Amino acid sequence: MEKSQYVLEMKNIVKVFPGVRALDGVDLKVRPGSVHVICGENGAGKSTLMKIINGTYVADEGEMFFNGKKIGSHTVQDTLNMGIAMIYQELNPVLEMTVAENIWLGREPKRGKFVDYKKMYRDTQTLLDKLQLPYKANQKMYELSIAGHQLIEIAKAISVNASVIIMDEPSSAIGNEEIEVLFKQIFSLRDEGTAIIYITHKMDEIFRIADDITIIRDGKLVEEGPAHCYDPEKLISRMVGREISNIFPKDSTVPIKDVIFEVKNLTQEKCDGGRFRDISFQLHAGEILGFAGLVGAGRSELMRAIFGLDKYSSGSVYIEGKEVRIKNTRDAINKGIAMVNEDRRTYGLILERSIHDNISLVNMKKYTKGLINDKKISKDTEDMVRLLQIKIADENVEAGTLSGGNQQKVVLAKWLTGDVKILILDEPTRGIDVGAKSEIHKLMTEFARQGMGIIMISSELPEVLGMSDRVIVMQEGIIQGIISRDEAQMTQEGIMKLATRGVKR
Amino acid sequence: MEKKKINIGQFYGKYGIFIILAVIFVVSSVAVSGFLSMYNIMNILLAIACTTTLALGATFIIILGNINIAYGSELAFVGCISCIVNVKTGSLLLSVAVAIIMGLALGALTGFVITKFSVPAFIMTLALTEAARGGAVLVTDGNTISNLTKSYTFMGQGYVGPIPMAIIILAAAFVIMWIILNKTPFGRYIYAVGGNSKAAEASGIKPARIIFIAYLIDGVLVGVASLLLMARLNSGVPGAGLTYEMDAITAVIVGGTSMSGGSGTLFGTIVGAVIVGIINNVQTLIGVDSNVQRVVKGCIIVLAVIIDVISKKSMKKSR
């Protein structure tokens with residue numbers, strides 16, 4: 001058998017999660033000594049593929065070859081031993097431990113039964129010096145920046161002599177100068193023969209570092225090829241074009257009225273989280289304003305701050321022309337803002353309580369005259385169940401037992417018991433079956449018709465295009481552009497171009 | 001329609017505790033002579049009156065996912081001050097007011113430190129256990145306060161008809177607490193914050209505020225319980241109330257309130273308290289050594305939590 005020219009080869013990988021086919025016959029061929037960029041929209045299946053490579057997930061179908069040898073089922077530890085290291089998007093270093101302890105965690109050099117600290121610190125320092133990293137082996141991890149943590153992860157990958165290093169959006173949390181340091185390491189690793197699999201959304205990065213590109217869409221392989229065959233236009237056109245049926249576009253006859261809500265120069269400084277800056281936009285009654293962008297663009301964080309869940313540092317917020325200061329969620333609710341969070345199990349519902357209790361939670365005052373009037377709650381619950389077509393046995397069922405679509409409807413019902421002027425929906429149809437999805441879209445049009453202003457964050461471009469009167473595209477905490485329904489740019493390509501443009505810092 | 005599933009875990013969660021009580025009661029009545037008499041039943045209730053009053057407050061605190069382990073020392077501190085006031089002024093009203101105000105103050109302090117500085121409730125109330133006990137000895141100079149007024153001791157020793165006054169006070173506290181937990185927005189918010197604090201906040205509830213108020217209410221019950229204890233002891237004893245937090249928390253846990261927060265009922269707590277009371281009473285009647293009784297109590301707590309965890313798991317499975 002001839003020796004494979006690829007260090008890592010994945011063939012026809014299929015992975016099914018309940019309800020979705022996350023990967024549907026994806027191939028990947030990685031050459032040694034190359035930087036291989038994987039492109040695709042949010043949810044295209046990139047991270048799933050990486051987790052199959054490193055053993056976090058087991059593929060339902062398909063084969064994996066490492067240096068030409070077929071690899072059967074494997075654990076994370078197996079892949080690490082083989083020489084495949086993965087640097088996750090969200091790092092979890094043990095901050096209280098030293099750099100050396102973090103690098104050798106779980107595989108500490110031993111002398112007899114005990115850890116050989118002397119060797120550990122000596123080896124670590126040698127490694128750091130070789131990589132020209134400005135850190136000391138005995139420094140505590142919390143003294144390092146996030147980029148520092150990334151670089152230590154790379155050092156760790158090198159310390160296991162990895163021949164393949166997977167990096168999942170390593171640049172998402174670090175600044176420009178730190179990116180340069182990261183790239184320098186990547187290039188020198190590549191030149192020494194290590195293969196780097198690099199996931200990113202940023203066009204400028206892709207074309208600086210990529211040798212090969214693989215494009216995935218909807219869990220399927222779109223195409224692969226050497227980087228010099230692509231330019232940003234071509235790449236974006238291959239990435240977008242996800243097809244999602246069951247979008248129920250907004251009825252364009254719904255009248256769009258006066259400005260109901262406005263935000264001016266809203267900024268969150270670093271001390272408050274630093275996730276967005278200088279955000280200004282207007283929202284009209286009857287309008288659905290889409291917020292598009294890649295994961296991590298700061299859309300959810302912006303909305304959380306507007307809703308009073310997080311702080312913002314400066315800027316102003318106006319409701320119906322009057323300036324308001326929102327200090328907590330109660331302020332926001334009293335002023336007519338409602339927010340349906342992207343993670344409804346964490347922020348939407350009290351899972352072990354009944355539908356009855358969940359629906360009444362926001363506007364408890366309405367149901368209380370001295371004591372709670374549970375009959376009134378039951379009546380409203382009944383109305384909501386009918387209006388939103390929530391499928392439940394009875395109102396005493398625990399919210400946690402419902403399907404995703406029904407849970408989302410209960411969250412909506414909770415808000416509709418009150419007087420909502422501004423409805424913020426963060427990924428309103430994520431993880432919801434197609435039937436419920438279009439029902440929620442229909443409801444959104446209905447709410448707009450009643451005069452609500454709706455803000456919808458969505459990472460599904462067809463949904464953004466179908467539902468939004470205008471789309472605001474965010475990237476790395478700033479607004480990259482605002483597109484109206486009648487503009488030529490209102491296409492998946494137009495939005496993606498803005499979302500991946502690259503931010504000057 | 002989503003099907004409603006009933007399984008053993010859910011069934012236990014709803015009715016298990018009542019069945020256990022019934023079984024224990026019937027078995028005790030048949031097997032233990034001297035158990036089934038009005039006198040003995042009243043004795044059991046009287047013995048648990050003070051700790052059950054505490055357990056009502058502890059139910060709120062534990063549904064919130066918090067804890068208070070300082071009850072014993074708080075009782076001594078608050079009770080002794082109230083006794084001093086009683087002896088000095090002879091006024092029942094003043095001594096009751098002082099007990100409740102001091103209880104409130106301790107609750108406010110606890111709630112404030114926990115919510116404002118994010119000190120874990122366990123640590124704060126552990127510290128309070130030490131501090132309040134010291135306070136009790138300081139205010140009394142280590143002496144027992146005797147010569148309480150008749151009206152004062154009536155709260156712990158008196159009878160209205162066949163019913164002990166302490167039971168009436170407990171019953172009144174239970175009714176008020178039940179209404180607060182089940183019929184006021186605050187009560188619903190306790191379940192919401194305990195079940196999912198983040199979702200509660202996203203629904204316009206201020207979790208810290210709910211926790212603070214719960215500790216205030218808990219403090220009021222400490223005040224009431226301290227009156228019951230000192231009145232029953234006939235004097236203000238700075239060393240009184242030792243390990244009472246054990247009995248209060250045991251009642252809550254045996255009563256089915258989850259230590260991880262979010263679920264539990266006051267009926268459960270009362271039943272839990274009675275179960276523990278009966279087990280103690282029976283052991284005394286058949287002459288079990290008191291230290292053996294403590295071992296048994298320890299086992300009951302662990303058993304109750306194991307059952308809670310298992311029933312929760314089987315509930316999750318049914319989802």
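Which residue in β4(A) does A:Glu9 stand opposite?

1. In this predicted model, A:Glu9 stands opposite A:Phe65 in β4(A). The two strands concerned, β1 (residues 8-17) and β4 (residues 61-66) of chain A, are joined by five bridges and pair in the antiparallel sense.

2. Strand β10 (residues 195-199) of chain A has five of its five residues buried, so it is largely enclosed by the rest of the structure. A:Ala195, A:Ile197 and A:Ile199 point one way from β10(A), whereas A:Ile196 and A:Tyr198 point the other way, and all are buried. In a regular strand the side chains alternate between the two faces of the sheet.

3. Strand β3 (residues 35-39) of chain A runs parallel to β10(A) and is joined to it by four bridges, with A:Ile38 standing opposite A:Ile199. Strand β9 (residues 164-168) of chain A also pairs with β10(A) in the parallel sense, over five bridges, and here A:Met167 stands opposite A:Tyr198.

4. In chain B, the axes of helix α2 (residues 38-63) and helix α10 (residues 207-233) come within 8 Å and cross at roughly 175°; α2(B) and α10(B) are therefore roughly antiparallel to each other. The residues that meet include B:Leu54, B:Phe60 and B:Ile61 in α2(B) and B:Ile217, B:Asp218 and B:Leu228 in α10(B). By class, this contact of α2(B) with α10(B) has 14 nonpolar, two polar and one charged residues.

Technical notes:
Residues numbered from 1 in each chain as written. Chains lettered and ligands numbered in written order. Predicted model: local features only at pLDDT ≥ 70, side-chain atom pairs only at ≥ 80, totals over all residues. Axes fitted to C-alpha atoms, helices over the stretch in contact; angles between N-to-C directions. Parallel < 35°, antiparallel > 145°, perpendicular 65-115°, else oblique. Contact = placed C-beta atoms within 7 Å. Nonpolar A, V, L, I, M, F, W, Y, C, P; charged D, E, K, R; others polar. Pairing = 2+ DSSP bridges. Buried ≥ 20, exposed ≤ 12 C-beta atoms within 10 Å, placed from the backbone.
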